[in-house]
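Please look over the sequence and the coordinates shown here before reading the report, which takes up strands, a helix and a few side-chain pairs in turn.

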There are 2 protein chains.
Amino acid sequence: MNRPIGVMDSGVGGLTVAKEIMRQLPDESIVYFGDLDRCPYGSRSMEEVRRFTLQVADHLVSRGIKMLVVACNTATAAALHILEKRYDIPVIGVINPGARSAIQSSSNQDVIVLATEGTVASGAYPKAIHQISHRFKIQSTACPKFVPLVEELRYKDKVVVRIVLHQTLKHLADTRADTVILGCTHYPLLADEIKDYFYGRKKVIDSGYETAREVSAMLTMLKGHASPQSNPEHLMIVNGETGRFEYILKDWMPFIEYRLEQVELKEE
Amino acid sequence: MNRPIGVMDSGVGGLTVAKEIMRQLPDESIVYFGDLDRCPYGSRSMEEVRRFTLQVADHLVSRGIKMLVVACNTATAAALHILEKRYDIPVIGVINPGARSAIQSSSNQDVIVLATEGTVASGAYPKAIHQISHRFKIQSTACPKFVPLVEELRYKDKVVVRIVLHQTLKHLADTRADTVILGCTHYPLLADEIKDYFYGRKKVIDSGYETAREVSAMLTMLKGHASPQSNPEHLMIVNGETGRFEYILKDWMPFIEYRLEQVELKEE
């Protein structure tokens, strides 16, 4: 089935998920929607995030996608259960795949979740993990300084990154947890430094990397893979200004070919 | 949903998959079926493997399972497509999860498949990988000496294991492949030695470990997880002699509590 996979995010963070889908499923076409005009979602009320998410999701579904990937932890926490009921196509968020991978990885059932304040407050990761295995110990830490670091491309300044990591993670240095979930799609760009911060002793789970894997599993299950002969076409839809979006896109995914479309999505 | 998950194999190999399901999904009850009377399937014709597999699967479905896991590569290659159509419950084999994990893991799209002669001859792994990503290079090697090594519990004799590994894998020592799929449910018991044989330079994928992960994904998708309060009960059904089965079960999974039932399943 050669219809595209829809991937949505409030901004650029979900591009790390889209990139991983392109790597693991190179025959699939992607339609990405970045709601840059209203980004970030993290500081908004759940009700507002839910309204924006539904509007973006409706827009993507109207483009004929075969599956919707909610590549934003905040939007997943706020609206996944509604989206699942709203459409005939499968909907997949980033939280369950990250939770499941931590369960697979952890030997001592003791994990750390790093996420935005909104995602931590929602309790979505502990809930997802405990639904599968109620024996897990989970410590969640909000990391409000991580997203600006990545969005402003300062994540390449290793000195700044180390200072911010120390400020945010120092209370976790002595924990027994053997697994760390990156519960925000921006954090994979800091993954190497986070691994180093814990002396390589904790396994670091990239929810986006794991989500791509579950997208693949769902396509196999539903017999929905694109045919191997197909030449995938990627479309990037931006609500609002495209400048910063393209700048970051070219920085993160320099080799990807895509078509860019600007839309104006407002609340009625 | 507290109905059990059915796991089937020709013999004891599938216990490595059952063990991993119990670890990753500790609230789920398992009904395992080992067709020891007709084991191994690997040397039989596809047609015969298909008949036996259907008979065992029908038996498990009659026990009220909510999902069927075909924890045998030969049976998966021979009959998965038939089983998927035959029942209302979801059916999952070991080949797709292993293939998908190799795609996720490999950086250079060059992988090795180690499996029984039957599975290698079926071409099931290359087919599964190429369905998702047609750019992969895949080398398959039949390892007929591995299963006896494990079944006779000689896998603990490191000297014997190293000799057999060298005989079987020496032509692969210089390949560029960065990932090795263990395409038989017996091989995880040799995983550490196989990793060492390749100097720890190739990632080794355990199909059973990955299958448990996909069972979990499917349960989440279908909202079919057992409730966290449940006390899982495991049932082991053996067709034929139970002696060797229990001996190996106790050796591999010493801490598991189970009920054992002997049946006589013959062809009509």
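The report below describes a predicted model, beginning with a sheet and ending with aromatic rings.

## The sheet of chain B

In chain B, six strands form an open sheet in the order 4-3-1-2-9-10, and their pairing is parallel. Its edges are strand 4 (91-93) and strand 10 (259-263) of chain B, each of which pairs on one side only. Direction ignored, neighbouring strands of this sheet are turned against each other by 20° on average.

Within the sheet, strand 1 (residues 5-9) and strand 2 (residues 30-34) of chain B run parallel and are joined by five bridges, and Ile5(B) has Ile30(B) as its bridge partner in strand 2 of chain B. Helix 3 (residues 73-86) of chain B packs on the sheet, where it touches strand 3 (67-70) and strand 4 of chain B, and its direction makes about 160° with that of strand 4 of chain B.

## A buried asparagine

Asn239(B) belongs to strand 9 (residues 235-239) of chain B. Its relative accessibility is 0%, and because buried means under 20%, Asn239(B) counts as buried. Leaving aside residues up to four places away in sequence, the residues that Asn239(B) touches include Phe33(B), Gly34(B), Asp35(B) and Arg38(B), as well as Val263(B), Glu264(B) and Leu265(B).

## Helix 2 of chain A

Helix 2 (residues 46-61) of chain A has 16 residues and reaches 22 Å from its first C-alpha to its last, close to the 22 Å expected at 1.5 Å a residue. Among its buried residues are Val49(A), Phe52(A), Thr53(A), Val56(A) and Leu60(A). The elements that cover the buried residues of helix 2 of chain A include helix 3 (73-86), strand 9 (235-239) and strand 10 (259-263) of chain A.

The charged end of Arg38(A) sits over the ring of Phe52(A), 4.0 Å from its centre. In chain B, the charged end of Arg38(B) sits over the ring of Phe52(B), again 4.0 Å from its centre.

## Aromatic pairs

Over all chains, a search of the whole structure finds eight aromatic pairs. One of them is formed by Phe146(A) and Tyr187(A), an edge-to-face pair with 5.0 Å centre to centre and 70° between the planes. This pair links distant parts of the chain, 41 residues apart, with Phe146(A) in helix 7 (residues 146-151) of chain A and Tyr187(A) in the loop between strand 7 (179-182) and helix 9 (191-197) of chain A. Both Phe146(A) and Tyr187(A) are buried.

In chain B, the ring centres of Phe146(B) and Tyr187(B) are 5.0 Å apart and their planes stand at 70°, so this pair is edge-to-face. Phe146(B) and Tyr187(B) are buried.

Methods: Residues numbered from 1 in each chain as written. Chains lettered and ligands numbered in written order. Predicted model: local features only at pLDDT ≥ 70, side-chain atom pairs only at ≥ 80, totals over all residues. Heavy atoms only, no water. Helix = DSSP H or I, 4+ residues; strand = E, 2+ residues; numbered from the N terminus. Buried < 20%, exposed > 50% of the residue type's maximum accessible area, 1.4 Å probe, protein only. Contact = heavy atoms within 4.5 Å. Pairing = 2+ DSSP bridges. Axes fitted to C-alpha atoms, helices over the stretch in contact; angles between N-to-C directions. Expected span 1.5 Å × (residues − 1). Phe/Tyr/Trp six-rings, centres within 6.5 Å; stacked < 30°, edge-to-face > 60°. Lys NZ or Arg CZ within 6 Å of the ring centre and 35° of its normal.
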